[in-house]
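Here is a short report on selected local features.

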Amino acid sequence: DGEVHINELKNGNVEVFWNPTSEVRRQRLKRHIVLFEEQTDFESERLWQHVTSAINKGDQHKATQEKFVLEEEQRNAARERRENGTEWKPLLFRHDATTNEWRYKYEDLRPWDPLNDIAQFEKNGILQTMERRLSTRMSNHKTTCINNQITRHKRSAKDCRRRKTSDQPSNHSQNTESSCSTPESVQELSDDDGKYLGFESLCAQCGKEMNHLKEIHSAVLSLQRAQQDIHR
């Protein structure tokens, strides 16, 4: 966080190599840290806590001792695995035989999309990206709701036909015939047809989420306009 200088020993000139100005600080990504008590034994902050503490206190001798203890434990564990014939299987990394390097299993090399990507975070060691693509999920949910309604109407129509073709219809089946006005063919229903038949209104969650989506979309457009103004 401080300035870094290059000192030229021959002539005594000092040059600023790095200066974390307020502009640089504003561009920083927010850092999220897993709470210490929630970390596992092999996470860096917990594993190296005694080394870090000694460094912060300026005790280089203690830091070296603690580092040696950690490394010796790792050597002993590796020795035991070799003797037992146990293969070490990393949880979050895989070995690339082509480059002979270890690669993170969940690496995301996709360019950051400021209009769609909200935040990137790590959960249980797995890197994930929160996205704004709610409209696709909403569309899928709406389609699922309509399909469910169509299936129910098909089943109802089939029951009606079964009751109509009964050899000895009862009073109950005769009464229900009058209510069986559902079209037998509903395979080619469009979204507008679904709305006409009341499919969309039957799902309260759809309505709430559509309203919520409209509010989010409006807010995003406002942010985009502000971004454009800033760029100009």
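## Charge over a ring

A charge sits over a ring if NZ of Lys or CZ of Arg is within 6 Å of the ring centre and within 35 degrees of the ring normal. In this predicted model, Arg46 meets that description: Arg46 lies over the face of Phe36, at 4.6 Å from the ring centre.

## Aromatic pairs

A pair of aromatic rings is described by the distance of the centres and the angle of the planes. Searching the whole structure gives two aromatic pairs. In one of them, Tyr104 and Tyr106 have ring centres 5.9 Å apart and planes at 70 degrees. Planes over 60 degrees apart count as edge-to-face, so the Tyr104 and Tyr106 pair is edge-to-face.

Ring pairs join Phe93, Tyr104 and Tyr106 into a cluster. Tyr104 is buried, at a relative accessible area of 18%. Tyr106 is partly exposed, at 34%.

## Asp96 in strand 3

Strand 3 covers residues 93-96 and includes Asp96. Is Asp96 buried or exposed? Asp96 is buried, because its relative accessible area is 16% and the cut-off for buried is under 20%.

Setting aside neighbours within four places in sequence, Asp96 contacts Glu101 and Arg103.

Strand 5 spans residues 117-123 and strand 6 spans residues 126-131. They pair in the antiparallel sense over six bridges. Phe121 has Gln128, in strand 6, as its bridge partner.

Strand 5 and strand 6 form a hairpin, with two residues between them. Asn124 lies in the turn and has a positive phi of about 55 degrees.

Methods
Residues are numbered from 1 along each chain as its sequence is written. This is a predicted model: local features need pLDDT of at least 70, side-chain atom pairs count only at pLDDT 80 or more; totals for chains, interfaces and linings use all residues. Side-chain values use heavy atoms; hydrogens and water are left out. Two strands pair if DSSP finds at least two bridges between them. Helices (H or I, at least four residues) and strands (E, at least two) are DSSP runs, numbered from the N terminus. Rings of Phe, Tyr and Trp (its six-membered ring) pair if their centres lie within 6.5 Å; planes under 30 degrees apart count as stacked, over 60 as edge-to-face and the rest as tilted. Buried means under 20% relative accessible area, exposed over 50%, partly exposed in between (1.4 Å probe, protein chains only). Contact means heavy atoms within 4.5 Å.
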